[in-house]
Amino acid sequence: MVSITVLISGSGSNLQALIDAQASGVLQGHIDQVISSSATAYGLTRAQNAKIPTKIHQLKNYYQGIPKDHKKERANKREQFNRDLAHLIISGSIDGTRDPNYHQPDLIVCAGWMLILSPTVLIPLEQAGITIINLHPALPGAFDGTHAIERAHEAGQKGEISEAGIMIHKVITEVDRGEPVLVKKLAIQRGEPLDSYEQRVHALEHKAIVEGTNIVIGEVAKQ
Ligand code: GRF
């Protein structure tokens, strides 16, 4: 059974879609752990309710006591955070202790993980043979980076784009530019308020996250 780690940062509604798909036997893999970049992410509650082990890996813990204008020191701490994240995923801990029952995942699903995964994270994971995918609420190459939902909605209302959508893509070092695994399009509805558009996006995401993860599980299972 393909072992999945889900990375989250917030509400976890996409994690919930994966949990529900697992419970109903639709998900072709097993969610063995959830790692959150925030201790207050509601997604942690969703995981705990589903009896899925959780870990928290918070950047602010690394920045503690370092003033915002100490850029170099913070950059070094960010690199340590990245190295530790890779270690946490591969060996199960960052303090050198080894849990004999821990096994690295076959697949990482970024479901609302809001931090860029730099080469310091991605290279060790690639060397460990772990596949990573991400859910991004925009079409390939359209609105890379943050606030993609708001940016796509605004462009749609201005008539700058004729369609919107979401994608599940492989994660590479160029942000939101990995090979698309699944693309789902959304029609632009002129005059539609942002919150209504956002609801359509999330409804589509909750289907796509399961469908896209199953596609990659099929690939990983063959490796
Ligand atoms: C989703 O819209 C996802 O596309 C974006 O962040 C949101 C996560 O929502 N990256 P949730 O935490 O899964 O509810």
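Tutor: A helix here is a DSSP run of H or I with at least four residues, a strand is a run of E with at least two, and both are numbered from the N terminus. The model under discussion is predicted.

Student: In which helix is the place of V201?

Tutor: Helix α7 covers residues 194-222. The place of V201 is accordingly given as helix α7.

Student: Is V201 buried or exposed?

Tutor: A residue counts as buried when its relative accessible area is under 20%. The relative accessible area of V201 is 0%, so V201 is buried.

Student: Which elements do the buried residues of α6 pack against?

Tutor: Helix α6 spans residues 148-157, and A148, I149, A152, H153, A155 and G156 are buried in it. These residues cover an arc of only 165° around the axis, which puts them on the same side of α6. A helix has 3.6 residues a turn, so residues three or four places apart point the same way. The buried residues of α6 pack against β5 and α7.

Student: Which residue takes a positive phi just after α6?

Tutor: The helix α6 ends at residue 157. Just after α6, a positive phi of about 75° is taken by G159.

Student: Which residues of helix α2 are buried, and within what arc do they fall?

Tutor: Helix α2 consists of residues 42-49, and its buried residues are G43, L44, R46 and A47. Seen down the axis of α2, these residues line one face of the helix, because they fall within an arc of 160°.

Student: Which residues does L44 touch, not counting residues up to four places away in sequence?

Tutor: L44 has its place in helix α2, and it counts as buried because its relative accessible area is 5%. The cover over the buried residues of α2 includes β1, α1, β2 and β3. Not counting residues up to four places away in sequence, L44 touches I8, S36, S38, A39, T54, K55 and I56.

Student: How many residues of β1 are buried?

Tutor: On one side of β1 the buried residues are V2, I4, V6 and I8, and on the other they are S3, T5 and L7, so that both faces are covered. Strand β1 is largely enclosed by the rest of the structure, because the number of its residues that are buried is 7 of the 7.

Student: Which residue of β2 stands opposite V2?

Tutor: Strands β1 and β2 run parallel and are joined by 7 bridges. Within β2, the residue opposite V2 is G29.

Student: Which residues that line the largest pocket are the closest to its centre?

Tutor: The largest pocket has a volume of about 820 Å³. Its lining comprises 35 residues, and the closest to the centre are G112, W113, M114, L135 and H136.

Student: Which elements each supply at least two residues of the lining of the largest pocket?

Tutor: By class, this lining divides into 15 nonpolar, 15 polar and 5 charged residues. The elements that each supply at least two residues of it are α1, β5, α6 and α7.

Student: Which residues is N14 in contact with, leaving aside its neighbours within four places in sequence?

Tutor: N14 has its place in helix α1. Its relative accessibility is 7%, so N14 counts as buried. Leaving aside its neighbours within four places in sequence, N14 is in contact with A111, L135, E205, H206 and I209.

Student: Which element gives the largest share of the lining of the second largest pocket?

Tutor: The second largest pocket holds about 230 Å³ of space, and its lining has 6 nonpolar, 3 polar and 2 charged residues. Both α5 and β5 supply at least two residues of this lining. The largest share, 3 residues, comes from α5.

Student: Is E174 buried, partly exposed or exposed?

Tutor: E174 lies in the loop between β6 and β7. Partly exposed residues lie between the buried limit of under 20% and the exposed limit of over 50%. With a relative accessible area of 47%, E174 is therefore partly exposed.

Conventions:
Residues are numbered from 1 along each chain as its sequence is written. This is a predicted model: local features need pLDDT of at least 70, side-chain atom pairs count only at pLDDT 80 or more; totals for chains, interfaces and linings use all residues. Side-chain values use heavy atoms; hydrogens and water are left out. On a 1 Å grid over the protein atoms alone, a cavity is a set of points where a 1.4 Å probe fits but cannot get out, and a pocket is an open set with protein on both sides within 12 Å along at least five of seven lines; lining residues have an atom within 4 Å of a point. Grid points are joined across faces, edges and corners, and a volume is the space filled by probe spheres set on the points. Ala, Val, Leu, Ile, Met, Phe, Trp, Tyr, Cys and Pro count as nonpolar, Asp, Glu, Lys and Arg as charged, and the others, Gly among them, as polar. Buried means under 20% relative accessible area, exposed over 50%, partly exposed in between (1.4 Å probe, protein chains only). Contact means heavy atoms within 4.5 Å. The arc is that of the directions from the helix axis to the C-beta atoms. Two strands pair if DSSP finds at least two bridges between them.
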